[in-house]
Amino acid sequence: MDTQNIIFYLPSAIFVILAFFFLLLWRLGLSSSWQWAAGFAQTACGFALSSFPVEPTFDQFVSGVFYTGAAYCYGSAILIHFGEDKWRAVRRPVAIGFMVPHTYLVLVEPSLRLDLFLIEMVFAFLLGFAVWKCAPKAKPAADLALVAAGALVVMDCLIRGIVFTFVFRTSEAMSDFLHSAYNMSVHVTTITVCLLFPLGAIAAMTAAAIDRHRHSAGRDPLTGLLNRRGFNAAVEGAGDADGLSGAVVLCDIDHFKQINDTFGHAAGDRVIIEVTHRLSQLQDDRMHIARFGGEEFVIFIDSAREDDAAHWAERARHHLATSDWSAAGIASQVTASFGVAEIGRSLIDPAIERADRALYLAKVTGRNRVASASSLRSDRHDFVATMGDIAARSMIAPG
């Protein structure tokens, strides 16, 4: 088999493999959409008509439909990957409207040159529109590579369409396509430059899958909040050269065991979800909220003083205490206690420990209240003795 035959057979084989590969990725949940597989499958079918021609007019008409469908699927896949609107109202009329001039130039007034130009321009628009819309969102290197590869394919279409329409004019006869310089150009650029496009898609999907894994590893499955691992990573990222600055708030749902015992664990889970929702309503850009397990929540407020954090905790306490809990299947009121401590320029773990002591104070002095670490005696033995005295007087067990 000579080199020319290899060039003509290779693209269809490559895109069949890519179609099955991307279909597998989609079935495994690693690809964000099935449109990648559909696009590569249609591209393979278009090239197959060059490798195994049927009849020139039929080949030109059907391959034009395949290539346009592939461009639409590629555009959809890119938009889905970047979380963009699919822009169907803009893209669909172009893809469907293509059929009118395409039918005319192939079946009514045959012109291979103009029809190839039409296919290239429509392909460039359907793919280029998606690339243009998603380019501002491409921040990671893999996403930038995908956008760059897509832009390269668009440029390839535009240049080839212009050159073979207005400079080196392609023949008007459908029967001349198979052995034309245009067809050779398509095959050569496809197995060289344009292969960067599926490689860019694979890189972008791999990076997205890794990001999803990292995200899920750092999140609590019930609430979607940060877990301990995710919280530590977020807090580390908030520090600067001088260390960490801010305050910590600990929140613990009052009488949570009674809620589980009275209403069941399913209701307890609903309460945790509802508390998450209400705390998140008060969250701003300086805050990281985490669930450390059970009914305990930890909030880090970047660059906040203790009194600022205490003020926020009081807002959160009041918000929970005045909420309607009937949606969670709880007839009684649900409240929470809060402990607050400032980090200063120290590590966060000692601050969490001080906030935990303050939380204990809030619990043993009646619950549904906010206590600050600055109100506690600094000596640990005095603190333990004080807590014992308070608990004895109030006869309230923490929880």
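Modeller: Take the largest pocket. Its lining divides into 21 nonpolar, 9 polar and 4 charged residues (nonpolar: Ala, Val, Leu, Ile, Met, Phe, Trp, Tyr, Cys, Pro; charged: Asp, Glu, Lys, Arg; polar: the others, Gly among them). This is a predicted model: local features need pLDDT of at least 70, side-chain atom pairs pLDDT 80 or more, while totals for chains, interfaces and linings use all residues. Residues are numbered from 1 along each chain as its sequence is written, and side-chain values use heavy atoms, leaving out hydrogens and water.

Two or more residues come from each of α2 (35-51), α3 (56-81), α6 (112-134), α7 (141-167), α8 (181-190) and α9 (196-217). Helix α3 gives the most, with 6 residues.

Now step along α2. Ala44 sits in this helix. Ala44 is buried, at 5% relative accessible area (buried is under 20%). Leaving out residues up to four places away in sequence, Ala44 touches Ser12, Phe15 and Val16 (heavy atoms within 4.5 Å). Pro110 is 66 residues from Ala44 along the chain, and their C-alpha atoms are 25 Å apart.

Next comes the sheet. Its 5 strands form an open sheet, ordered β2-β3-β1-β4-β5, with mixed pairing (at least two DSSP bridges). On average, neighbouring strands are turned by 20° against each other, direction ignored. Strands β2 and β3 (296-302) run antiparallel, joined by 6 bridges. Within that pair, Met287 faces Ile301 of β3. Helix α13 (306-321) packs on the sheet and touches β1 (246-253), β2, β3, β4 and β5. The direction of α13 makes about 170° with that of β4.

Finally, leave β4. Ile343 lies in the loop between β4 (336-342) and α14 (348-364). Ile343 counts as buried, at 4% relative accessibility. Beyond four places in sequence, the residues touched by Ile343 are Leu244, Gly246, Ala247, Val248, Phe300, Ile348, Ala351 and Arg354. Phe300 is 43 residues away from Ile343 in sequence, with 9.5 Å between their C-alpha atoms.

Conventions: Helices (H or I, at least four residues) and strands (E, at least two) are DSSP runs, numbered from the N terminus. Buried means under 20% relative accessible area, exposed over 50%, partly exposed in between (1.4 Å probe, protein chains only). Axes are lines fitted to C-alpha atoms, for helices over the stretch in contact, and angles run from 0 to 180 degrees between N-to-C directions.
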